[in-house]
Amino acid sequence: MGDILFRSTVHAERLRFTQEPQTAVRFPGTGKRESTSHSDRTHLPDPVITGQEYQDVTVAYHLATRLTREPEAGRSGDDDTDGCG
């Protein structure tokens, strides 16, 4: 069984969205898993307002996933997703 932990932090002095952002977290492959993900935002509301300029923005993103059992034999599994986000 393997564990994956991912963290990323981005910062922007100025940020403006021309369209409403659409995000998704996917875990393609086989096998059952337990997963979590979340973001910590500074000076960036959820949801954002299209056209609004935000200043001194920081987003820290965290993702963790682990297999809870072995993949089933003979399964290709390209469609296995997790609803985290």
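These legends describe close-up views of a predicted protein model.

**View 1**
The protein has three strands and zero helices. From the N terminus on, the order of elements is β-β-β. The protein has 85 residues, and buried residues make up 26% of them. The protein exposes about 6600 Å². Carbon and sulfur atoms supply 47% of that area.

**View 1. The largest pocket.**
Rolling a probe the size of a water molecule over the atoms shows where empty space is left. The largest pocket holds about 410 Å³ of space. Its lining draws on 17 residues. Which of them lie nearest the centre of the pocket? They are P21, T23, S39, R41 and D46. Two elements give two or more residues to the lining: β2 (33-42) and β3 (53-67). Strand β2 gives the most, with three residues. Sorted by class, the lining has ten nonpolar, four polar and three charged residues.

Side chains of opposite charge can pair when their charged atoms come close. How many salt bridges does the count give? The count comes to one. In this pair, the side chains of R66 and E34 meet, with 3.1 Å from N to O. The partners come from distant parts of the chain. R66 sits in strand β3 and E34 in strand β2, 32 residues apart. Is R66 buried or partly exposed? R66 has a relative accessible area of 31%, so this residue counts as partly exposed. E34 reaches 45% relative accessibility and therefore also counts as partly exposed.

Most residues other than glycine have a negative phi, and most peptide bonds are trans. The bond from D46 to P47 is cis, with omega near 10 degrees. P47 lies in the loop between β2 and β3. Is P47 buried or exposed? At 61% relative accessibility, P47 counts as exposed. The cut-off for exposed is over 50%. How far apart in space are P47 and E20? Their C-alpha atoms are 8.5 Å apart, although the two residues are 27 apart in sequence.

**View 2. H43, a positive phi in a loop.**
H43 is not a glycine, yet its phi is positive, near 65 degrees. Where is H43 found? This residue is in the loop between β2 and β3. P47 lies in that loop too. H43 has 48% relative accessibility, so it counts as partly exposed. Partly exposed residues fall between the buried cut-off, under 20%, and the exposed cut-off, over 50%.

**View 3. D56, a positive phi in a strand.**
What is the phi of D56? The angle is about 55 degrees, a positive value although D56 is not a glycine. D56 has its place in strand β3. R66, the salt-bridge partner of E34, is in strand β3 as well. D56 has 42% relative accessibility and therefore counts as partly exposed.

Terms used. Residues numbered from 1 in each chain as written. Predicted model: local features only at pLDDT ≥ 70, side-chain atom pairs only at ≥ 80, totals over all residues. Heavy atoms only, no water. Helix = DSSP H or I, 4+ residues; strand = E, 2+ residues; numbered from the N terminus. Buried < 20%, exposed > 50% of the residue type's maximum accessible area, 1.4 Å probe, protein only. Areas by Shrake-Rupley, 256 points an atom, 1.4 Å probe, with all protein chains shown as cover. 1 Å grid on protein atoms, 1.4 Å probe; cavity = no way out; pocket = protein on both sides within 12 Å on 5 of 7 lines; lining within 4 Å. Points joined across faces, edges and corners; volume = space filled by probe spheres on them. Nonpolar A, V, L, I, M, F, W, Y, C, P; charged D, E, K, R; others polar. Salt bridge = Lys/Arg side-chain N within 4 Å of Asp/Glu carboxyl O.
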